[in-house]
Every structure is written in C-alpha cells, then in structure tokens.
Amino acid sequence: MSTKTIDLTPDLYAYLLKVSLRENTVLKKLREETHKLSQYVMQISPEQGQLMALLIELLGAKKTLDIGTFTGYSALAVALALPSNGKVVACDINVEWTNMAKQFWAMAGMAEKIELHLAPALTTLQKLIDHGEAETFDFAFIDADKNNYVHYYEAALTLLRPGGLVAIDNVLWSGEVANLANQDKDTNSIRALNEFIFKDERVSMSLVPIGDGLTLARKR
Ligand code: CA
C-alpha cells in the first residue's frame, strides 16, 4: 500500500489493461495502424481514451472540442461515448493524418458526429467564439502544439459552459517537466501552463498521472 501514486511496472500495467481496457475494435485497429507511423507516440494511451469516454458520460456531454486531432483516436473515443446527436469539433492542420482519422471514424459509424476543421486551431476556436458559441461546449481535449497550450486553454475555457471540463494532455512530458536542466521551448510551455492552471481560480483541477499526464480542469 502507498500514500502516493503507485509506480506502474510493465507487469502491473499489463494487468491494469487486462482487467480494465474495453477498447472498441475500430479504436484498436486505429491504434495499430497509427503505431506504424514514426510519430505514433503522439497518440494517447487506450486507458486514457477510456477515461475520457467515461468523463463524457459523467458530464452528459453533447458538444466537445478535440484540439490536435492527429490520426483521430481521442476524437473517436469521445464520439463513441457521445449520444447520437452529439458532436466533436476536431481541429488539426495535417491532411495526411486526418485523412487516416476520417477513414476510421467512418469505419466506426462516427463520421457524422465529428466535424473536422483543417486550419490552425486558434483560428477555428476564435471563429467559434465569434459565431456566438462561447459557453456552449461541455468538454475540450487539448493535445496540439505545446507552444500554444496557454492560448488553447484560454479559448477552451471561453467555449466551455460552466461545469464543463477541459482535459490537457502531456502535462508530465515524459517526466521532463521536473528536469530543470531541460529548458526547451515545449517543456517550458507545458511548465508555464501547469503553473498557470494551478493558480487559476476559475477552475477546479486535478493532474492525473495517466498516459503522459492529463490535467482535468472543471470550469466553475
Ligand atoms: Ca499527446
């Protein structure tokens, strides 16, 4: 027993997956296909997708944001948990990755629930705000370029309804956030957002050590 978060050895992690991972077959296929890409580490872990799906159910979410879509795993995991009239607004700039995403969304019967915006996410988010969609989203997942994390967080908070949830990926950054010798731009951007959210009285928050670290912040 422990009063701190347990270390997941490979055996224990395998056990965790064995007794808890209920991965949709298309999600599994998508994960296997993505693993063939050199950028595959950008994909979230399957147990994190399952946690996000559970949060969607708990929120009774209908309208969500996926900021940094990559090959579409997080958007699909969320879409599968949404009701039939639910919607994911997905933001990415990469044609090749999102074409792959679209194939798998269609395969899972979720294509109509996911609206892809191929443009810089900050442009898409500002358009949504300008079109009067502030405070209409239930959930936002942030997993795009780390330099803009603080800006994505602000835009997501504007778009979320009170009680809505923002989830921010990679907040532990393979442990590099605690390695002060590492002063690269991405690492410092993540540190800056972590420190900002910690002090942000507009949200209740928890940093969950799942995957590469996932901060959950509920708009008050
Ligand atoms: Ca990520």
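1. A search of the whole structure finds eleven salt bridges. The model is a predicted one, and the points below discuss some of these contacts.

2. One of the salt bridges joins the side chains of Lys-28 and Glu-32, with an N to O distance of 3.2 Å. Both residues belong to helix H2 (residues 25–34), where they are four residues apart, so about one helical turn separates them. Lys-28 is partly exposed, at a relative accessible area of 40%. Glu-32 is likewise partly exposed, at 43%.

3. A further salt bridge links Glu-33 with Lys-36; their closest N and O atoms lie 2.6 Å apart. Glu-33 is partly exposed, its relative accessibility being 33%. Lys-36 has a relative accessible area of 62% and therefore counts as exposed, the cut-off for that class being over 50%.

4. Lys-63 and Glu-133 also form a salt bridge, in which the closest N and O atoms are 2.7 Å apart. Lys-63 is part of strand E1 (residues 63–67), whereas Glu-133 sits in the loop between helix H6 (121–130) and strand E4 (137–142). The pair therefore ties together parts that are 70 residues apart in sequence. Are these two residues, Lys-63 and Glu-133, buried or exposed? Both Lys-63 and Glu-133 are buried, which means that each has under 20% relative accessible area.

Terms used:
Residues numbered from 1 in each chain as written. Predicted model: local features only at pLDDT ≥ 70, side-chain atom pairs only at ≥ 80, totals over all residues. Heavy atoms only, no water. Salt bridge = Lys/Arg side-chain N within 4 Å of Asp/Glu carboxyl O. Helix = DSSP H or I, 4+ residues; strand = E, 2+ residues; numbered from the N terminus. Buried < 20%, exposed > 50% of the residue type's maximum accessible area, 1.4 Å probe, protein only.
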